[in-house]
Amino acid sequence: AISMVFNQLQSLSPRARADALLAYVWALHRRKVAISEVLALETAAQLLEAQELRELAQLIHFKVLPDSRPLAQLLLADPGAHDAGLDQLGLDMLHRLKSPVHLARELAKSGRLHDAIRLVSTTTKSQRDCTPLLLELISLLLEEKKDVRDDLCLEAECRRLLLIALAGNKA
């Protein structure tokens, strides 16, 4: 059924496709029909292409589109998403999906390395799971701050964060 809908939409303009999918998804939601991940991703992609960011935010906020890692990554990858708050909705989605590793990587990509390190150190259950990602994040932090004059202080801060994280995971 979904492939039939997608085929019929191909002849429409991006805006008309987005509007049609938006109406279709809301109709399914009102009838309490579960929306597949494929339909959710296609709807989000079409809304992004048509710059219908407010409508996409509403679909996510009201949980019309089901949470999924691919949908969260689509929101985080769009350059215009930040202005509409879609990037934060993507991060929130990863949090609801209990995906701390992916959430930490996305935080790191957006320049929030301290938050990523703190997240990994407080949510990862074992030191074995935590250490490689923490080292990766701290390496990113050092790379980002390469040109800072006070490299020794930054390096000391990274070591301190790693020790705190490792100590916290043993407790």
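This is a predicted model: local features need pLDDT of at least 70, side-chain atom pairs count only at pLDDT 80 or more; totals for chains, interfaces and linings use all residues.
Residues are numbered from 1 along each chain as its sequence is written, and side-chain values use heavy atoms, leaving out hydrogens and water.

**Start with the whole chain**

Show the protein as a cartoon and you will find eleven helices and zero strands. Here helices (H or I, at least four residues) and strands (E, at least two) are DSSP runs, numbered from the N terminus. Of the 171 residues, 39% count as buried.

Among contacts between residues at least 6 apart in sequence, 56% join residues at least 24 apart.

**Select α2, residues 14-30**

Helix α2 covers residues 14-30. Its 17 residues reach 24 Å from the first C-alpha to the last, close to the 24 Å expected at 1.5 Å a residue; the expected span is 1.5 Å times one less than the number of residues. Colour R17, A18, L21, L22, V25, A27 and L28 to see the buried residues of α2. Just past the helix, K32 takes a positive phi of about 60°.

**Stay here for the salt bridges**

A salt bridge is a side-chain nitrogen of Lys or Arg within 4 Å of a carboxyl oxygen of Asp or Glu, and a search of the whole structure finds six of them. Which residue forms a salt bridge with D19? It is R15, the closest N and O atoms being 3.8 Å apart. D19 and R15 are separated by about one helical turn because they are four residues apart in helix α2. An α-helix has 3.6 residues a turn, so residues three or four places apart point the same way. At 35% relative accessibility, D19 counts as partly exposed.

The side chains of E52 and R15 meet in a salt bridge at 2.5 Å, N to O. This pair links distant parts of the chain, with E52 in the loop between α3 and α4, R15 in helix α2, and 37 residues separating them. Is E52 buried or exposed? At 5% relative accessibility, E52 counts as buried. Not counting residues up to four places away in sequence, E52 touches R15, A18, D19 and L47.

Move on to D67 and R96, which form another salt bridge, the closest N and O atoms being 2.6 Å apart. The pair also links distant parts of the chain: D67 is in the loop between α4 and α5, R96 is in helix α7, and they are 29 residues apart. Both are partly exposed, D67 at 24% and R96 at 34%.

**Go inside to the core**

A nonpolar core is a set of buried Ala, Val, Leu, Ile, Met, Phe, Trp, Tyr and Cys residues joined through side-chain atoms within 4.5 Å. Of the 41 residues in the largest one, select I35, L56, I60, L65, L86 and L137, which touch the most other members. Elements giving two or more residues to this core include α3 (37-49), α4 (53-61) and α10 (127-144). In soluble globular proteins, nonpolar side chains tend to be buried together.

Centre on L56: leaving aside neighbours within four places in sequence, L56 is in contact with A44, L47, L48, L65, L75 and L86.

Pick G90 in helix α7, which counts as buried at 0% relative accessibility. Apart from neighbours within four places in sequence, G90 is in contact with A72, L75 and L76. Draw a distance to P70, 20 residues away along the chain: the two C-alpha atoms are separated by 9.7 Å.

Last stop, helix α8, residues 100-109, whose buried residues are L103, A104, E106, L107 and A108. Following α8 is G111, whose phi is positive, near 90°.

Key: Buried means under 20% relative accessible area, exposed over 50%, partly exposed in between (1.4 Å probe, protein chains only). Contact means heavy atoms within 4.5 Å.
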